[in-house]
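Morning, everyone. Please have the sequence and the model open on your screens. I'll go through it piece by piece.

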Amino acid sequence: MKILSFGELREQMNGLGRAGVPFVWGVDYARERCFVLEEPFTEGEILWEVRGVGNKVAAGVVTTGEVAPEEAMAGEGAAEVVPELRIARRVEYGEYEGMFATLRAGLMRGDSFLANLTVPTEVELRGTLRDVFRHSSAPFKLLIGDEFVCFSPEPFVTIREGMISTFPMKGTIDASLPEAERKLMEDYKETCEHFTIVDLMRNDINMVAEEVTVPRLRYVETIATAKGSILQTSSEVRGRIPAGKERDFGDIILPLLPAGSITGAPKPATVELIARSEIAPRGWYTGVFGYFDGAAMQSAVMIRCIQRGADGKLYFHSGGGVTVNSDCRDEYEEVLTKVYLTK
């Protein structure tokens, strides 16, 4: 995989978009490592899937385009390995408490209204990252060699017919709890977090589009995991891209990074606060990747990820939004409950 600079990524996204050439692209959270696949359906180090389309791996065989689920799991003579995840070492509460205190001090100063605090949990995996890619159920999936795998439920921006849409996700609850949906929708903290992110994304979209609206505000989606289903709230923010710039994807999407849902508001000050608070670099986690099919661009925030650290061990990164009203123990438990594989 050829690593590009952020500037090179912008140029390639603009050029390929204007030419109507399909491609896949990605950028890490720090905007330091970027890639573009100009032949997206060719087998290689990177495997991807966007809403059922991709160079999907099926028992070691890479396929292109749309594939029926039963075909995607078939393979001639290849042994199936259903991946299983086990926590090997979690960040201790005392360490998380120190991170939380640093972040909350910034919130109390007014540096930020909402900040997303993330931690890496060391895990042991039965199978490989490729097995996780193959077996995970998610609308957006990405595999980078033996370094990183993502099975994300969170879309970032979609660009189609001159319109740009983004779908911030913020607020989760265990779906098995009694009256889970009502509790989620009436939760004051979760509601405040969601409205803050929607307002941030509306402001972000205003930088690159006109006539920005919020056609859907705080609707509930169900996500199936190996631990059971969870409910998550999302919204939709839309705008019209100025005429003549509809496919300048680098100029449209990259100024919106990093994504507001995994940073906070106001974004620049919150990104600095996060850097002072978190104990490990995020790497590819909470970066963004996308696919242009020649007509529409779809992209996703890379959450729900397993990543190989510099020590060679595997880490599952997870996080949650923190405000001045957040309880440290509750936030700690939330990031641990997000360590799971999807069905």
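Let me start with a loop. T286 is found in the loop between α8 and β17 (288-292). Helices here are DSSP runs of H or I of at least four residues, strands are runs of E of at least two, and both are numbered from the N terminus. T286 has a positive phi of about 70 degrees, although it is not a glycine. T286 is also buried, with a relative accessible area of 1%. Buried means under 20% relative accessible area, exposed means over 50%, and partly exposed is in between, with a 1.4 Å probe and protein chains only.

Two words on the source. This is a predicted model, where local features need pLDDT of at least 70, side-chain atom pairs count only at pLDDT 80 or more, and totals for chains, interfaces and linings use all residues. Residues are numbered from 1 along each chain as its sequence is written, and side-chain values use heavy atoms, with hydrogens and water left out.

Back to backbone angles. Most residues other than glycine have a negative phi, and most peptide bonds are trans. R31 is another residue with a positive phi, near 60 degrees. R31 sits in the loop between β1 and β2 (34-37). At 33% relative accessibility, R31 is partly exposed.

Now the cis bonds. L257 and P258 are joined by a cis peptide bond, with omega about -10 degrees. P258 lies in the loop between α7 (249-253) and β16. From A265 to P266 the peptide bond is also cis, with omega near -10 degrees. P266 lies between β16 and α8, in the loop.

On to strands. Two strands pair if DSSP finds at least two bridges between them. Which strands pair with β8? β7 (residues 84-89) does, antiparallel, over five bridges. β16 (residues 264-265) does too, antiparallel, over two bridges. β20 (residues 314-322) is joined to β8 by nine bridges, again antiparallel. Look at E122 in β8: R89 is bridged to E122, and E122 has Y315 as its bridge partner in β20. In β8 (residues 114-126), 11 of the 13 residues are buried, so the strand is largely enclosed by the rest of the structure.

β11 (residues 155-160) is next. Five of its six residues are buried, so β11 is largely enclosed as well. Four bridges join β11 to β18 (residues 296-301), antiparallel. There, P155 is partnered with A300. β11 also pairs antiparallel with β12 (residues 163-166), over four bridges. β11 and β12 form a hairpin with two residues between them, and E161 in the turn has a positive phi of about 55 degrees.

Next, the helices. α3 (residues 93-109) and α8 (residues 267-277) pack at about 155 degrees, with axes 8 Å apart. Axes are lines fitted to C-alpha atoms, for helices over the stretch in contact, and angles run from 0 to 180 degrees between N-to-C directions. So α3 is roughly antiparallel to α8; angles under 35 degrees count as roughly parallel, over 145 as roughly antiparallel, 65 to 115 as roughly perpendicular and the rest as oblique.

Last, W25. W25 is in strand β1 (residues 23-27). Its relative accessibility is 0%, so W25 counts as buried. Among the residues W25 touches, not counting those up to four places away in sequence, are L9, F35, I253 and Y291. Contact means heavy atoms within 4.5 Å.
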